[in-house]
Amino acid sequence: MPKRLSARLKELFGRKSGEGEFFEELEDLLIESDIGATVAFEVVDELRAEARRAKLASREELAAALRERLRPYLRSVELSLAGDRLNIFLVLGVNGVGKTTTIAKLAQYYREHGAGDGVALAAGDTFRAAAVEQLTLHGQKLGMRVVSQASGADPGAVIYDTIESAKTRGERLVLADTAGRMHTKANLVAELGKVDRIVRSRSPQSNYKKLLVIDATTGQNGLRQAETFHEAVGVDGVLLAKYDSTARGGILVPIAKNLGIGCAFLGTGEKLHDLQPFDPDRYLGELVGGV
Ligand SMILES: Nc1nc2c(ncn2[C@@H]2O[C@H](COP(=O)(O)OP(=O)(O)OP(=O)(O)O)[C@@H](O)[C@H]2O)c(=O)[nH]1
Ligand SMILES: [Mg+2]
């Protein structure tokens, strides 16, 4: 795996390079980390001016200034459970980004943060053959209820069933899986619109959130995915999965800047506890490092 941005910044800051060269390289590194060219240019211009004005000299000062400059571009979303009504989180995203795994992690997280065992998992991916099995297995491990129908069933019907039974049982949270649909296929996006309409019309009082899983290793394409899903159904928050497997991870910046969507969680591995609520300062501390 290529080196993380923080490691490369450390190298750059430690090298004796001329001012012009230094800031150019800094721009390149920021762009390579997925934060987007516009933000990289803006931030480095500001930093260059600030370094001259305030005579920032030490690496620590420059790194702190860089973190401070990037901070306004980050947005976090807190996903706490409403206490007085059913919470419904619909988990979206293209193939293989980590939706089903993330659902299991969310189930574990909310078990410890307000829902107890009152969590139901909806096997809304009726498209891929092994998807129901995969979620059922997670449900067994977690000791949580999974609602499913046969492969090929209408995902809207599965999610509707889950919501109705959760209401009857007084459960707190429904976590609904969906098929990994390619964001270029208009018909699949339309199907998602149908699921969305069903949830909104059948459960208008609920705390309903649509969460988009983005794979941190996919680079700028993540922004395109977010645009497509946001346009199709509206996205309330991003979950950045596989953050442990990438040297980049800056894609949250253009997603927040261009679409105004904040990040709710980082996925940091394949295990149930590998999920962190998103903390922008901690994230910047890791991304940029202290140098
Ligand atoms: N390293 C790492 N791997 C992850 C993370 N989240 C998911 N994965 C892995 O990514 C792979 C795909 O995960 P799934 O949860 O099946 O992805 P999905 O989006 O449900 O896939 P489809 O249903 O096929 O669209 C699995 O091997 C997971 O273990 C993460 O945060 N870190
Ligand atoms: Mg899946």
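In this predicted model, L239 has F265 of strand 7 as its bridge partner. The pairing belongs to a set of three bridges that join strand 6 (residues 237-241) to strand 7, and these two strands run parallel. Strand 6, helix 10 (residues 252-259) and strand 7 together make a right-handed β-α-β unit.

F265 also has a bridge partner in strand 8, namely P277. Strand 7 and strand 8 (residues 275-277) are joined by three bridges and run antiparallel. The table sets out the two pairings of strand 7.

| Strands | Bridges | Direction |
|---|---|---|
| Strand 6 and strand 7 | Three bridges | Parallel |
| Strand 7 and strand 8 | Three bridges | Antiparallel |

Buried residues are those with under 20% relative accessible area. Five of the five residues of strand 7 (residues 263-267) are buried, so this strand is largely enclosed by the rest of the structure.

The structure holds one cavity of 30 Å³ or more, and the largest cavity contains about 30 Å³ of space. Its lining consists of L266, Q276, P277, D279, R282, Y283 and E286.

Helix 11 gives the most, with three residues.

How values were computed
Residues are numbered from 1 along each chain as its sequence is written. Chains are lettered from A and ligands numbered from 1 in the order in which they are written. This is a predicted model: local features need pLDDT of at least 70, side-chain atom pairs count only at pLDDT 80 or more; totals for chains, interfaces and linings use all residues. Side-chain values use heavy atoms; hydrogens and water are left out. Buried means under 20% relative accessible area, exposed over 50%, partly exposed in between (1.4 Å probe, protein chains only). Helices (H or I, at least four residues) and strands (E, at least two) are DSSP runs, numbered from the N terminus. Two strands pair if DSSP finds at least two bridges between them. A crossover is right-handed if, with the strands pointing away from the viewer, the path from the first strand over the helix to the second runs clockwise. On a 1 Å grid over the protein atoms alone, a cavity is a set of points where a 1.4 Å probe fits but cannot get out, and a pocket is an open set with protein on both sides within 12 Å along at least five of seven lines; lining residues have an atom within 4 Å of a point. Grid points are joined across faces, edges and corners, and a volume is the space filled by probe spheres set on the points.
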